[in-house]
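Here is a short tour for anyone meeting this structure for the first time. Take a look at it, then read on.

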Amino acid sequence: MPPEPTSNDTQDPRRSAVYLVLAQVPHGHVVSYGQVAAMAGLGRAARWVGRLLARLPDDSGLPWHRVIAASGRLSLPEGSASGQEQRARLRAEGIGIHNGKVDMRRHGWHLPEHSG
DNA sequence: TATAGGGCTTAGG
DNA sequence: GCCTAAGCCCTAT
């Protein structure tokens, strides 16, 4: 069953879930693909999230740049338009990048489920 | 409709 | 830090 041309993304709840999670990421914080995937209920669909972000339109208004690898590294190459964009935006939010890596210990966004 | 290949990843040795 | 194996969906033919 092919996707209907009448809708864009909100058709699939999975995609919508990722968008919602992504929109929940606070300013100055970052999350990993697997984290977003898990939060969206996708589980191990980390790569799928990455692929989804790659297809995200510029007018999505979503902080896709706040999504990085679990290791804190930026998968996007510095030579890539999105790569520079991500680094630029992260730095613009006050997120320091060292050797192409972000300090997940400080900027790693974690849900306050443990009351702290 | 079915088949084949790939991706902005993650975890273990 | 590098290599290998695994899980999920999409895209092209």
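This is a predicted model: local features need pLDDT of at least 70, side-chain atom pairs count only at pLDDT 80 or more; totals for chains, interfaces and linings use all residues.

Helix α1 covers residues 13–24, and at 1.5 Å a residue its twelve residues should span 16 Å; the C-alpha atoms at its ends are 16 Å apart, so the two values agree. Which residues of α1 are buried? They are Ala17, Val18, Tyr19, Val21 and Leu22. The cover over these buried residues includes α2 (33–40), α3 and β2 (67–68).

Now step back to the whole chain. Chain A holds five helices and four strands, and reading along the sequence gives the pattern α-β-α-α-β-α-β-β-α. Chain A has 116 residues, and 39% of them count as buried. Take the contacts in chain A between residues at least 6 apart in sequence: 59% of these join residues at least 24 apart.

Ser32 sits in strand β1 (residues 31–32), while His107 belongs to helix α5 (residues 104–107). Are they buried or exposed? Ser32 has a relative accessible area of 8%, which is under the 20% cut-off, so Ser32 is buried. His107, with 9%, is also under 20% and therefore buried.

| Residue | Element | Relative accessible area |
|---|---|---|
| Ser32 | strand β1 (residues 31–32) | 8% |
| His107 | helix α5 (residues 104–107) | 9% |

So who are their neighbours? Leaving out residues up to four places away in sequence, Ser32 touches Val67, Ile68, Ala69, Ala70 and Met104. On the same terms, His107 touches Gly28, His29, Val30, Gly94, Ile95, Gly96 and Val102.

Last stop, the empty space. Rolling a probe the size of a water molecule over the atoms shows where empty space is left. The largest pocket holds about 360 Å³ of space. Its lining is made up of 18 residues, and Leu53, Ala54, Trp64, Leu76 and Ser82 are the ones nearest the centre. By type, the lining divides into nine nonpolar, six polar and three charged residues. Which helix gives the largest share of the lining? That is α4, with four residues. Both α3 (46–55) and α4 (81–92) supply at least two lining residues each.

Note on methods: Residues are numbered from 1 along each chain as its sequence is written. Chains are lettered from A and ligands numbered from 1 in the order in which they are written. Side-chain values use heavy atoms; hydrogens and water are left out. Buried means under 20% relative accessible area, exposed over 50%, partly exposed in between (1.4 Å probe, protein chains only). Contact means heavy atoms within 4.5 Å. On a 1 Å grid over the protein atoms alone, a cavity is a set of points where a 1.4 Å probe fits but cannot get out, and a pocket is an open set with protein on both sides within 12 Å along at least five of seven lines; lining residues have an atom within 4 Å of a point. Grid points are joined across faces, edges and corners, and a volume is the space filled by probe spheres set on the points. Ala, Val, Leu, Ile, Met, Phe, Trp, Tyr, Cys and Pro count as nonpolar, Asp, Glu, Lys and Arg as charged, and the others, Gly among them, as polar. The expected span of a helix is 1.5 Å times one less than its number of residues.
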